[in-house]
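Visitor: I'd like a close look at one part of this protein, the sheet. Could you walk me through how its strands are put together?

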Amino acid sequence: MNRLVVISPAPTANGDLHLGHLAGPFLAADVCARYARATGGEALYGTGMHFTQNYIVTAAARLGVAPEELRERSADQVERTLATMGIEVDGFGCIGDRFTKLVMDFYDRLHGMGALELRTVRFPYLPSTGEYLMDAYVTGGCPFCLADGYAGVCESCGLPVAPGDLIGPRSTLRPHEPLEYREADILVFPVERYREELEAYFARIPMRPGMAQLVESALAGPLPDFPITQPTSWGIPAPFPEVPGQVIYPHMEGMPWSMFTTALAAEKRGAILTADDELWQADSGSTVVYFLGLDATYPFAVVGTAMLTALGGHVLPAQYVTNEFYELANEKFSTSRGHVVSGRELAAEVPRDLIRFHLCATSPEYQRTDFTHEALLRVSETRLTGPWNRVAAAVDEWVDRGPLPVSEDARRTARRMAERFADGYELRRFSLTAVASTLAEQLGRLDRLAAATTVETAGDLCHQVDVFLRCAAPILIDLAAAALPDTTLPGQVEADAVIPKKLPRLAG
């Protein structure tokens with residue numbers, strides 16, 4: 001069996017999804033899974049919420065609510081936003097006994113085989129509270145790219161940043177209190193031990209330029225040990241006697257979480273599994289693809305792959321489709337500053353097909369791109385709603401006048417159109433912007449064809465419009481659902497006759 005497993009790493013449960021999230025991994029993963037199913041494949045899409053990152057604690061303190069309340073509220077908001085935007089998630093994973101057991105079992109195996117080692121590590125320390133500071137608890141300069149941010153993984157360059165290596169560290173919650181450094185013993189995973197396997201792995205998988213640069217930078221020197229436990233209380237308690245009172249490092253829940261959400265996705269679609277990692281076993285027939293922001297790449301692609309290599313017997317991810325930042329009016333989306341637009345808010349004003357098209361067209365695949373409400377409305381009218389509504393009106397003229405003959409030239413053109421769309425949809429060169437560009441180009445061509453349609457060419461127009469709708473269906477989900485009995489691809493591309501049907505319009 002060849003099964004496509006699509007994963008978007010869980011967002012931190014400290015708020016709703018904004019357009020920056022949606023334009024990055026979530027819409028891309030949904031489009032990829034829809035296309036795979038439309039072409040006859042099996043596809044599972046898993047995501048969920050990350051409940052244990054201390055970003056939840058700092059956000060809750062800022063908002064004046066309990067962290068537990070914030071993460072539950074955020075999970076509900078995210079699920080509703082995904083549904084509002086038509087992003088069909090099969091497995092939505094959050095923390096719970098089943099997930100916790102999977103994390104424990106995963107690291108028990110690594111611990112039992114001697115793959116985890118004890119290290120003495122330096123942390124910024126806040127004397128007034130007696131806390132070691134890591135990730136969202138401490139901010140400072142990245143030692144690699146000098147950007148200001150948090151410890152853990154640099155949001156700018158994507159490289160791992162040990163808390164003790166931050167330049168000018170300061171407490172996030174108590175920024176005016178002095179810090180000192182203290183050492184603590186933690187368990188780490190020695191990534192450098194798997195350098196040879198990682199170099200061979202990255203040499204054979206496709207990567208976008210940002211990820212390729214990140215991997216090249218990481219492999220240019222010794223790969224640092226990556227924390228498995230941390231001396232703090234927020235998280236899943238670590239069961240190892242060497243590190244009493246510590247928790248599993250949240251960044252390192254990613255691989256067992258991926259297995260967990262995959263299992264949930266399979267079960268939702270009717271599978272009965274014998275183990276939660278069944279679809280990750282080497283003989284499972286699964287092809288695993290991640291859709292993720294560049295800042296999430298190192299823990300999943302570098303450390304996660306090294307851990308799967310250490311365990312053995314597992315599928316290694318076939319591809320990571322990365323994205324850069326999506327900005328709002330040339331500034332980063334910021335929940336704390338109120339500089340956001342949520343998918344649910346926008347969908348209350350604008351049809352979601354228009355939003356999905358515009359986010360695809362402006363997807364930040366290779367560099368930062370920008371969203372403005374004005375551009376959404378202008379581009380949608382000129383490249384989508386206007387041309388489509390003229391094409392639909394032209395087809396409607398031939399309803400109840402079929403069947404109409406389809407020429408060989410029109411069939412050949414329809415085949416080529418389907419191939420053009422496939423160039424953007426197929427995994428190795430997957431690109432939302434390429435698909436959106438093809439969609440606009442082909443719709444423009446059909447608009448010109450519609451304007452010159454005669455009784456001799458009406459069947460050609462109607463046939464090509466049907467193929468176009470099927471190709472556009474992974475993006476224009478509501479239009480396709482209203483117009484087509486099914487969204488299989490390529491449909492009746494070789495038909496020699498067509499019966500025109502009345503087509504729905506797109507609202508502006």
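Guide: Happy to, and keep in mind that this is a predicted model. Let's start with strand β15, residues 286-293, which runs parallel to β16 and is joined to β16 by 5 bridges.

Now step back to the whole sheet. This open sheet has 5 strands, in the order β3-β2-β1-β15-β16, and the pairing is parallel. At the edges sit β3 (91-93) and β16 (319-323), each pairing on one side only. From one strand to the next, the twist averages 20 degrees.

Next, go to β1, residues 3-7. Strand β1 runs parallel to β2, with 5 bridges joining them, and Ile7 stands opposite Gly46 of β2. To get from β1 to β2, the chain goes through helix α1 (residues 19-38), and this β-α-β crossover is right-handed.

Strand β2 itself, residues 42-48, is mostly covered, with 6 of its 7 residues buried. Beyond its pairing with β1, β2 also pairs with β3, again in the parallel sense, over 3 bridges. There you can find Gly48 standing opposite Gly93 of β3.

So what holds neighbours like these together? In general, strands of a sheet pair through backbone hydrogen bonds, either parallel or antiparallel. In this sheet, the pairing is parallel.

Notes. Residues numbered from 1 in each chain as written. Predicted model: local features only at pLDDT ≥ 70, side-chain atom pairs only at ≥ 80, totals over all residues. Heavy atoms only, no water. Pairing = 2+ DSSP bridges. Helix = DSSP H or I, 4+ residues; strand = E, 2+ residues; numbered from the N terminus. Axes fitted to C-alpha atoms, helices over the stretch in contact; angles between N-to-C directions. Buried < 20%, exposed > 50% of the residue type's maximum accessible area, 1.4 Å probe, protein only. Right-handed = clockwise from strand over helix to strand, strands pointing away.
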